[in-house]
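Trainee: Can you walk me through how the helices pack here? Keep it quick.
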Amino acid sequence: MTEPYEKLTNGIILQAVSDYRQAMKQGDCDEQISIEKFFRSSWFSRLTTLNPEFLIQRLQKEAAV
């Protein structure tokens, strides 16, 4: 069973991913940079073990298709 804090953590990350995808679609470079800073932040690393560089590259590849 997923604990409430895990749901919150997952929700934060999924929202950032969604916002990043939207920023890429809209060509909003400032928003992309802001979200990339979040992905590379110490707070993000406390929320997850995901490699931020891998995540960013994966999202950028996804947008290029």
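Mentor: First, a definition. A crossing is right-handed if the near helix is turned clockwise from the far one by less than a right angle, and left-handed if anticlockwise. Helices are DSSP runs (H or I, at least four residues), numbered from the N terminus. This is a predicted model, where local features need pLDDT of at least 70, side-chain atom pairs count only at pLDDT 80 or more, and totals for chains, interfaces and linings use all residues. Residues are numbered from 1 along each chain as its sequence is written, and side-chain values use heavy atoms, leaving out hydrogens and water.

Trainee: OK, which hand is the crossing where H1 passes H4?
Mentor: Right-handed. The axes of H1 (residues 4-26) and H4 (residues 52-64) come within 11 Å and cross at roughly 45 degrees. Axes are lines fitted to C-alpha atoms over the stretch in contact, with angles from 0 to 180 degrees between N-to-C directions.

Trainee: Which residues in H1 meet H4?
Mentor: Val-17, Tyr-20, Arg-21 and Met-24. Their partners in H4 include Leu-55, Ile-56 and Leu-59. Contact means heavy atoms within 4.5 Å.

Trainee: New topic. What is buried in H1?
Mentor: Thr-9, Ile-13, Ala-16, Val-17, Tyr-20, Ala-23 and Met-24. Buried means under 20% relative accessible area with a 1.4 Å probe, protein chains only. Those residues pack against H2 (29-39), H3 (42-47) and H4.

Trainee: And Gln-32, buried or exposed?
Mentor: Gln-32 counts as buried, at 15% relative accessibility. Gln-32 sits in H2. Beyond neighbours within four places in sequence, Gln-32 contacts Tyr-20, Ala-23 and Met-24.

How values were computed
Helix = DSSP H or I, 4+ residues; strand = E, 2+ residues; numbered from the N terminus. Buried < 20%, exposed > 50% of the residue type's maximum accessible area, 1.4 Å probe, protein only.
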